[in-house]
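Okay, thanks for coming, everyone. Let me put the structure up on the screen, and then I'll walk you through a few places in it.

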Amino acid sequence: MYYNKKKLWMNYAPRYFWGDPLDVRFYLCKELSRLKNKKILDIGCNVGIILNSADNSNKKEGFDLNPDTIRIAKTINKDFQHNANFYVKDAFKASLKKSSYDVLILSHVLPGYDYPGTEKQRNVFLNKAFSYLKKGGTLYITSPNKNNSYYRKKPKIRLPELRNTLKKEFSFRIRGWNPFYIHAGHILQYVPGWFAFLEYLMKKSVGLNKCNAFFAKAIKK
Ligand SMILES: C[S@@+](CC[C@H](N)C(=O)[O-])C[C@H]1O[C@@H](n2cnc3c(N)ncnc32)[C@H](O)[C@@H]1O
């Protein structure tokens, strides 16, 4: 799964490849691949790799502020006959129908962490995003690898804050992904079964506080 996606990506959008061979978003893609007949929204969808992990029985919609990424997302969408709908939009100006999506994806898109922004902007962003999700709908949030050289000196969301963000509107489970130092990934990726090994560690909550990235799955109350 991982290798196929990486190949696809390197052909179409090498500049946008996540770079981390053990990125938590490969796990998100696996989770999404199980979904059927859902209405899914991906905010800050970039080139659409995550959204297109869900099969075509789903109604898939993604938007991003960056027109270049949406252009690539549309090309991949057409060439692989995915049926997602991609468009350029600013999350702060968006006003989609409330309570209309079964699944919401917020993957590495928190203002103030994953790109510049204030706490106030983050709250506005999250309130808007959460409002699009139906009661009983599923939210997926991922946070970046804290040891990634790009993020190392930037602010990162911490476990208590992620819990606070979710506790009012969701019942949720936060898991940690990849307790190893980032460079281990460059070796581990060649070890057979590494993905299953990381999944095992995640499900056992090994070193949640030490983990490099968070994976939260939350159900709207
Ligand atoms: C770190 S990237 C994550 C992309 C994608 N979710 C993924 O995980 O591969 C953050 C994305 O958020 C987009 N973005 C930033 N501000 C945005 C806004 N106000 N509205 C919509 N998208 C935004 C960026 O263009 C970028 O594609």
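So, let's begin at tyrosine 27, which counts as buried because its relative accessibility is 2%. Before I go on, please keep in mind that this is a predicted model.

Which ring does tyrosine 27 pair with edge-to-face? That would be phenylalanine 215: the two ring centres are 4.9 Å apart, and there are 85° between the planes. Now look at where these two sit in the chain. Tyrosine 27 is in helix H2, residues 24-32, while phenylalanine 215 belongs to strand S7, residues 213-220.

Tyr27 and Phe215 are in a cluster linked by ring pairs, together with Tyr140, Trp177, Trp194 and Phe195.

Two of those names take us to helix H7, residues 194-203. Trp194 and Phe195 are among the buried residues of H7, and the others are Leu198, Glu199, Leu201 and Met202. If you look down the axis of H7, the buried residues fall within an arc of 160°, so they line one face of the helix. After H7 comes serine 205, and its phi is positive, near 55°.

Back to rings for a moment. How many aromatic pairs does the count come to? It's 13. Another one to look at is tryptophan 18 with phenylalanine 26: edge-to-face again, 5.0 Å centre to centre, with 70° between the planes. Both tryptophan 18 and phenylalanine 26 are buried.

Let's zoom in on S1, residues 39-43. Is S1 largely enclosed or largely open? Four of its five residues are buried, so the rest of the structure largely encloses this strand. S1 runs parallel to S2, residues 59-64, and five bridges join them. One example is isoleucine 43, whose bridge partner in S2 is phenylalanine 63. S1 also pairs with S4, residues 101-107, in the parallel sense, this time over three bridges. There, isoleucine 40 stands opposite valine 103. A quick reminder on strands: side chains in a regular one alternate between the two faces of the sheet.

One more contact here: lysine 39 lies over the face of tyrosine 101, 4.7 Å from the ring centre.

Last stop, the loops. Asparagine 37 sits in the loop between H2 and S1, and its phi is near 55°, a positive value in a residue other than glycine. With a relative accessible area of 60%, asparagine 37 is exposed. Serine 99, in the loop between S3 and S4, also has a positive phi, near 50°. What about its accessibility? Serine 99 is at 43%, so it counts as partly exposed.

Methods:
Residues are numbered from 1 along each chain as its sequence is written. This is a predicted model: local features need pLDDT of at least 70, side-chain atom pairs count only at pLDDT 80 or more; totals for chains, interfaces and linings use all residues. Side-chain values use heavy atoms; hydrogens and water are left out. Buried means under 20% relative accessible area, exposed over 50%, partly exposed in between (1.4 Å probe, protein chains only). Helices (H or I, at least four residues) and strands (E, at least two) are DSSP runs, numbered from the N terminus. Two strands pair if DSSP finds at least two bridges between them. The arc is that of the directions from the helix axis to the C-beta atoms. Rings of Phe, Tyr and Trp (its six-membered ring) pair if their centres lie within 6.5 Å; planes under 30 degrees apart count as stacked, over 60 as edge-to-face and the rest as tilted. A charge sits over a ring if NZ of Lys or CZ of Arg is within 6 Å of the ring centre and within 35 degrees of the ring normal.
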